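The following exercises are to be worked through with the sequence and the model at hand. Each task is followed by a solution in steps.

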Amino acid sequence: MRQIYPAGEKCFIDYSGDKVAIIDPQSGEIRFAEIFVAVLGASAYAYVEATWTQKLPDWIASHVRLFGRLGSVSVLDYE
């Protein structure tokens, strides 16, 4: 079902659920990173980044970088 959102109204944010393997070229150690994803409802513009965890400091820092990249914050609807 297609849903239409006015520009700037909605930003859908979550972790993808999949992890990406990061290999340290020096040691060969493999670490897994979480994938943070945000999509604007009106334009389907996507922002994606990797973080080491889904813990609160990474979650908040990802939002800060997202909104910095967008140059604004989507309207919040509390009704």
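**Exercise 1.** Determine whether T51 is buried, partly exposed or exposed, and state which residues T51 touches.

*Solution.* Step 1: T51 has a relative accessibility of 5% and therefore counts as buried; buried means under 20% relative accessible area, exposed over 50%, and partly exposed in between (1.4 Å probe, protein chains only). The model is a predicted one, in which local features need pLDDT of at least 70, side-chain atom pairs count only at pLDDT 80 or more, and totals for chains, interfaces and linings use all residues. Residues are numbered from 1 along each chain as its sequence is written, and side-chain values use heavy atoms, with hydrogens and water left out.

Step 1: T51 belongs to strand β3, residues 46-51. Helices (H or I, at least four residues) and strands (E, at least two) are DSSP runs, numbered from the N terminus.

Step 2: Residues up to four places away in sequence are not counted; T51 then touches Y15, A33, E34, D58, S62 and R65. Contact means heavy atoms within 4.5 Å.

Step 3: The side chain of T51 also reaches the backbone oxygen of T53, at 2.9 Å.

**Exercise 2.** Sort the side chains of β3 by the face to which they point.

*Solution.* Step 1: In a regular strand the side chains alternate between the two faces of the sheet.

Step 1: In β3, Y47, E49 and T51 point to one face and are buried.

**Exercise 3.** Identify the residues of the largest nonpolar core and describe the aromatic pairs of Y15 with F36 and with W59.

*Solution.* Step 1: Five residues make up the largest nonpolar core: Y15, F36, A38, Y47 and L66. A nonpolar core is a set of buried Ala, Val, Leu, Ile, Met, Phe, Trp, Tyr and Cys residues joined through side-chain atoms within 4.5 Å.

Step 1: With neighbours within four places in sequence left aside, Y47 is in contact with F36, V37, A38, S62, R65, L66 and R69.

Step 2: The whole structure holds four aromatic pairs. Rings of Phe, Tyr and Trp (its six-membered ring) pair if their centres lie within 6.5 Å; planes under 30 degrees apart count as stacked, over 60 as edge-to-face and the rest as tilted. The ring centres of Y15 and F36 are 5.8 Å apart and the planes stand at 75°, so this pair is edge-to-face. The pair links Y15 in strand β1 with F36 in strand β2, 21 residues apart.

Step 3: Y15 and W59 form a tilted pair, with 5.5 Å from centre to centre and 40° between the planes. This pair links Y15 in strand β1 with W59 in helix α1 (residues 56-70), 44 residues apart. Y15 is buried, with a relative accessible area of 8%, whereas W59 is partly exposed, at 28%.

Step 4: Y15, F36, Y47 and W59 form one aromatic cluster.

**Exercise 4.** Locate A42 and list the residues that A42 touches.

*Solution.* Step 1: A42 is in the loop between β2 and β3. The relative accessibility of A42 is 44%, so this residue counts as partly exposed.

Step 1: Residues up to four places away in sequence not being counted, A42 touches Y5, P6 and A7.

Note on methods
Polar contact = N/O pair within 3.5 Å; in protein donor to acceptor, adjacent residues only side chain to side chain.
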